[in-house]
Each structure stands twice: as structure tokens, then as C-alpha cells.
Amino acid sequence: MTAPVPSLVTVRHLKKTYRRGSERIEVLQGVDLDIPKGEFLALMGPSGSGKTTLLNLLGGLDAPSDGSIDVGGEQIDKLSSSALARWRAAHVGFVFQLYNLLPVLSAQRNVELPLLLTRLSRTERRRRAALALSVVGLAERARHYPRQLSGGQEQRVGIARAIVTDPTLLLCDEPTGDLDRKSGDEILALLKALNQEHGKTIVMVTHDPHAAACASRVVYLEKGLLMSEEVPA
Ligand SMILES: Nc1ncnc2c1ncn2[C@@H]1O[C@H](COP(=O)(O)OP(=O)(O)OP(=O)(O)O)[C@@H](O)[C@H]1O
Ligand SMILES: [Mg+2]
């Protein structure tokens with residue numbers, strides 16, 4: 001008998017309500033979720049169902065209205081905002097649909113950015129950024145600026161930036177949403193390799209069933225709740 005894989009992420013009764021003037025928008029209405037270490041989880045659901053909201057809560061970019069989030073033994077909803085910022089810098093890598101690279105910095109410097117929050121020396125920062133760029137297959141493009149790269153290459157720089165701190169959790173919000181099928185497939189293959197060969201735990205929001213099929217599990221967010229879970233055959 002194999003021992004069950006312990007949960008890396010435990011979410012209980014998670015609620016998030018936004019207020020716009022006198023209007024209350026109850027986006028998450030009691031979400032429960034367990035993510036084992038080493039899982040590649042896809043999060044799907046209609047537009048406006050709260051996928052980005054949930055991802056941002058998992059990564060400590062926003063605070064829940066109610067409920068708890070434990071990541072690797074740290075109950076992040078209990079942290080002060082400065083402690084949460086430190087936790088996030090050490091444990092979470094974000095990948096965005098539109099890459100969010102700084103146009104005035106080279107690929108190498110973009111990837112180095114998260115390391116500026118650490119105590120690493122400049123030499124060590126450069127070494128780690130170069131390593132992350134080689135993991136995503138872009139070692140030769142280190143000196144290129146974002147405008148000199150294709151969308152797929154920009155996203156690979158975005159992924160290098162997300163993994164350069166060796167985070168516990170990689171959170172991707174529609175990482176292939178702005179790419180054609182071929183470049184999207186290359187990004188999905190890269191995420192799969194990061195999961196299978198480097199053991200990264202990944203949560204990926206996607207609208208695309210083809211992208212979701214790369215994950216080891218798919219969950220659906222609908223009407224504020226995780227409605228169903230499916231294990232692909
Ligand atoms: N900062 C905010 N203030 C007020 N309302 C917000 C805020 N952020 C999100 N919302 C609202 O919360 C709901 C969920 O938004 P969210 O961005 O999480 O959806 P989503 O599932 O990621 O949608 P999409 O697939 O279009 O990206 C929406 O109705 C949105 O308008
Ligand atoms: Mg979204």
C-alpha cells in the first residue's frame with residue numbers, strides 16, 4: 001500500500017466578497033480544496049466565476065473574507081501583510097496571461113527581479129537567472145528585450161521569472177490564453193516538465209479543455225463553489 005501524499009495546500013470554507021459601492025459580490029462562497037504536493041491542478045469555470053480570485057488568494061496576493069488557507073504548514077490568512085509579502089516572495093511563483101515583463105529590462109534582468117527581494121549576491125542572482133532561462137530553453141536569448149521575443153518566448157521568460165526563486169507553488173492564470181496553439185502547446189509541455197521532472201506543484205487556470213487535459217486533475221468553479229472534480233482517464 002502506498003502512503004497518501006500529504007496536502008501541500010488545504011483550503012477550508014473559503015469566502016471572498018467584494019464590495020462595489022453598496023453592492024456586495026459574493027465571489028467565493030465556501031470553497032474547500034486539497035492540493036497534494038506535486039500535483040498539476042487545472043482550475044476551470046465560466047468567466048467571472050472567481051478563478052483569478054481563488055488563485056490570488058492561494059498565492060497571498062489578496063486576503064479572504066472568511067475561511068482558511070494553509071500552504072506547507074503556514075496558515076497564510078493569519079499572516080500580517082508584511083509577513084505575507086515575505087512568504088509570497090519565498091514560496092510562490094506567478095505566471096500571467098500577458099506575461100507582465102518589464103519592456104526596459106532584458107530577459108535576464110526580468111528573470112532576476114524576484115531575487116532582488118533576497119539577500120543573494122549579484123553574482124548568485126545572475127547565476128540563478130541564467131539557470132532558470134536555460135530550464136525554459138532560452139539561454140541564448142538572455143540579452144534580448146521583450147519586444148525582440150515572440151509571445152511564446154515572452155511567456156517562457158515569464159515562467160523562468162516564476163521559478164527562479166524555486167517556489168513551493170507555481171500559480172498560472174491562463175498562461176496559454178494569448179498564444180496560438182503551437183506556442184501554447186510548448187508552454188504546456190514546459191509546465192508538464194516542471195511538474196514531472198522538477199516536482200513543482202502547479203495550479204493553472206484555463207478556459208481551454210485541451211490545456212486542462214495536461215493537468216493531473218481538473219476542478220470547476222461555478223456559482224462560488226467548486227462544483228465537481230474529475231480525474232481524467
Ligand atoms: N477587486 C475587485 N473588486 C470588485 N470586484 C471584483 C474585484 N476582482 C474581481 N471582482 C469580481 O469578482 C468576480 C470574479 O472575478 P475573477 O476575476 O476572479 O473571475 P474569473 O473567473 O477569473 O474570470 P475570467 O475567466 O474572465 O478571468 C467578477 O464578478 C469580478 O467582477
Ligand atoms: Mg480570470
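Analyst: A residue is counted as near a molecule if one of its heavy atoms lies within 4 Å of it. In this predicted model, 13 residues surround ligand 1, and the closest are S47, G48, K51, T53 and H207. By residue class, the shell around ligand 1 divides into three nonpolar, seven polar and three charged residues.

Several polar contacts involve oxygen atoms of ligand 1. For T53, an N or O atom in the side chain is 2.6 Å from an oxygen atom of ligand 1. The backbone also takes part: a backbone N or O atom of G48 lies 2.8 Å from an oxygen atom of the ligand, and a polar backbone atom of G50 is 3.0 Å from an oxygen atom of ligand 1. Taken on its own, ligand 1 has 640 Å² of accessible area, of which the protein covers 65%. Two or more residues of the shell are given by each of the elements β1 (7–20) and α1 (51–58). The largest share, three residues, comes from α1.

A separate feature concerns the aromatic rings. The count of aromatic pairs comes to one. This pair is formed by F94 and F96, with 6.0 Å centre to centre and 15° between the planes. It counts as stacked because the planes are under 30 degrees apart. Of the two residues, F94 is buried, with a relative accessible area of 13%, whereas F96 is partly exposed, at 27%.

Conventions. Residues are numbered from 1 along each chain as its sequence is written. Chains are lettered from A and ligands numbered from 1 in the order in which they are written. This is a predicted model: local features need pLDDT of at least 70, side-chain atom pairs count only at pLDDT 80 or more; totals for chains, interfaces and linings use all residues. Side-chain values use heavy atoms; hydrogens and water are left out. Rings of Phe, Tyr and Trp (its six-membered ring) pair if their centres lie within 6.5 Å; planes under 30 degrees apart count as stacked, over 60 as edge-to-face and the rest as tilted. Buried means under 20% relative accessible area, exposed over 50%, partly exposed in between (1.4 Å probe, protein chains only). A polar contact is a pair of N or O atoms within 3.5 Å; within protein, one must be able to donate a hydrogen and the other to accept it, and residues adjacent in sequence count only if both atoms are side-chain atoms. Accessible areas come from the Shrake-Rupley method with a 1.4 Å probe; for residues, only the protein chains shown count as cover. Helices (H or I, at least four residues) and strands (E, at least two) are DSSP runs, numbered from the N terminus. Ala, Val, Leu, Ile, Met, Phe, Trp, Tyr, Cys and Pro count as nonpolar, Asp, Glu, Lys and Arg as charged, and the others, Gly among them, as polar.
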